[in-house]
Amino acid sequence: MNSTRPPVLVVGAGPVGLVAALALLQNGIPVRIIDKDPNHRMGQRGPGIWPRSLELFNFLNVPEVNDLGKLFPLIRSYKPGTFELATESSMVPHTEPNPAIPFHVPKMMGQQLLDVILRRHLEKFSCSVEMGTELRSFEQSDEGITAVLSKNGILETFDTKWMIGADGAKGVVRKQLRLTFLGETRGNTRIVLGDIRLKAVDLDRAYLHQFGNFETRWLSLRPTDEIGEDGWQFIISGGALDLTNVAQSEELIFEIIASLLPTEVLFNKLVWVSEFRANIRSANKLSEGRVFVAGGIVHSPAGGQGLNSGIQDAFNLGWKLALVEKGLADRSLLETYNDKRMPVISEMLEMTTTILNRAVKTGDMTNGRTPILFMLGINCRFSNIVLDEFAIPGKPINAYGVLDEGNLEAGDRAPDAPNMLHVCGESVVKTLFSLYRPWYHTVLVFVPSLADSSPILGALEAYGKDVVRLAVVLPSSAQVMPIASPADLVLVDQAGLAYLAYLVEAGQTKVFVIRPDGVVGAIVHGIEGVKKYFSGIFSDV
């Protein structure tokens, strides 16, 4: 196999494929990314970005998603044929600000803009999406993969080591792997989703508006400046409509919107439209040999978890594949991708199906939405590569649980902590989140004094700084002068927020290993526990 060729082929350049490519590139792994469509995708599609996904974009150093994302608007529903307010409600559960959760407010960003942002970050690594390039077929062996690609009618044979299929539920990768889909299809639960430019008197762009009812005709309009100052994302549904015909007819779409809006409407342009059926299904597995799939879960529109789950698939896979490709980890590490993500996906589908059932029954798409949707309670406590010397054995585990800030175990998301005073090391880190990145593990050593950290740090110096970073976290009472230390960073927890979030008691020594995906890999007493954890990750430890 030609070693100059990128060792990873990513098929599909939506947000999931782009995140997979970016995570690998940041790990120093060259990537080739292709998409069969000749033009970049149009459409807002699923615009909700939940807090856990915002954290992942932060780790990837893609701040634009949070900075440019819009707040979820309030929903206004009206009495039939009027602008007389019937109800006003929130699309998302209310949460209070919390120093351990810096991105506690979900944001909205259309996938068209999200794709643009992610492509720009790929370009920083001299990587660009090859549009109009289709995967026709592939064969794999123990040594690698041979893929047949097509562009402008010209076939190309491309040899690579690994392939990530982010080409959706109907993509070639899933079909050729003969993955089966577990779940159900609901032909009677359908919507027409799209983007439109229109102007209407008294239609306030500060709100999402709902008109009509699910039994006959129903319309939702959400303002979005991403497609123009008169841009709206619309959803049309209703038992009296032939939605397949509606999705194929601009005239019908205009007619339905005009019939439900109690005001004069001036239509500018139908930008994008698609019919959506509630196929509540997922693949039976996420990998086979050297080929992996990410995203493409077919699910209900209730809960807005699909895009976010796919991004988290890609992020979980990226660091593991990078370590294996670098020869630092055994291929068995890649088996944990399927083992870790499948329980999460299974519980996600169960949860979103419950929300969908409530929404259909009540006619309210916000019914049943809870903080579990923020995805901060997703965990892999059950994984065989996490280690917790403090956890109580035998406790029930919910992979898609609700965040419990009074409990922190290996396999949970790592909390943030601001107001950290940097006293030693080559950094200006002020929060723990600014320390976590996708290309290395972070070892947090909580100790009463800097002297107490010496035995642990000395034993960890054998790990290269390109894959493991060391940080000592001292209590606010510690008296520290800037001195040389084996640690990459020495931080003083001025406000006590790190000790609070990580549940460390005064005078206690406690060591946390934070994985490249921002998950707590280990909570241990000292160096022996750290070594035991890394023996399950690295091949030569």
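Trainee: At roughly what angle do the axes of H1 and helix H8 cross?
Mentor: In this predicted model, local features need pLDDT of at least 70, side-chain atom pairs count only at pLDDT 80 or more, and totals for chains, interfaces and linings use all residues. Residues are numbered from 1 along each chain as its sequence is written, and side-chain values use heavy atoms, with hydrogens and water left out. Helix H8 covers residues 306-325, and its axis (axes are lines fitted to C-alpha atoms, for helices over the stretch in contact, with angles from 0 to 180 degrees between N-to-C directions) comes within 8 Å of that of H1. Because angles under 35 degrees count as roughly parallel, H1 is roughly parallel to H8, and the crossing angle is roughly 25 degrees.

Trainee: How many nonpolar residues are there in the contact of H1 with H8?
Mentor: With contact meaning heavy atoms within 4.5 Å, H1 contributes residues including Val-16, Ala-20 and Leu-24, while H8 contributes, among them, Gly-310, Ile-311 and Phe-315. Ala, Val, Leu, Ile, Met, Phe, Trp, Tyr, Cys and Pro count as nonpolar, Asp, Glu, Lys and Arg as charged, and the others, Gly among them, as polar. The contact holds 2 polar and no charged residues, and the number of nonpolar ones is 12.

Trainee: Is the crossing of H1 with H4 left-handed or right-handed?
Mentor: The axes of H1 and helix H4 (residues 111-123) come within 10 Å and cross at roughly 20 degrees, so the two helices are roughly parallel to each other. A crossing is left-handed if the near helix is turned anticlockwise from the far one by less than a right angle, and right-handed if clockwise. For H1 passing H4, the crossing is left-handed.

Trainee: Which residue of S19 stands opposite Gly-165?
Mentor: Strand S12 (residues 162-165) runs parallel to strand S19 (residues 291-293), and 3 bridges join them. Opposite Gly-165 stands Val-293.

Methods:
Pairing = 2+ DSSP bridges. Helix = DSSP H or I, 4+ residues; strand = E, 2+ residues; numbered from the N terminus. Parallel < 35°, antiparallel > 145°, perpendicular 65-115°, else oblique.
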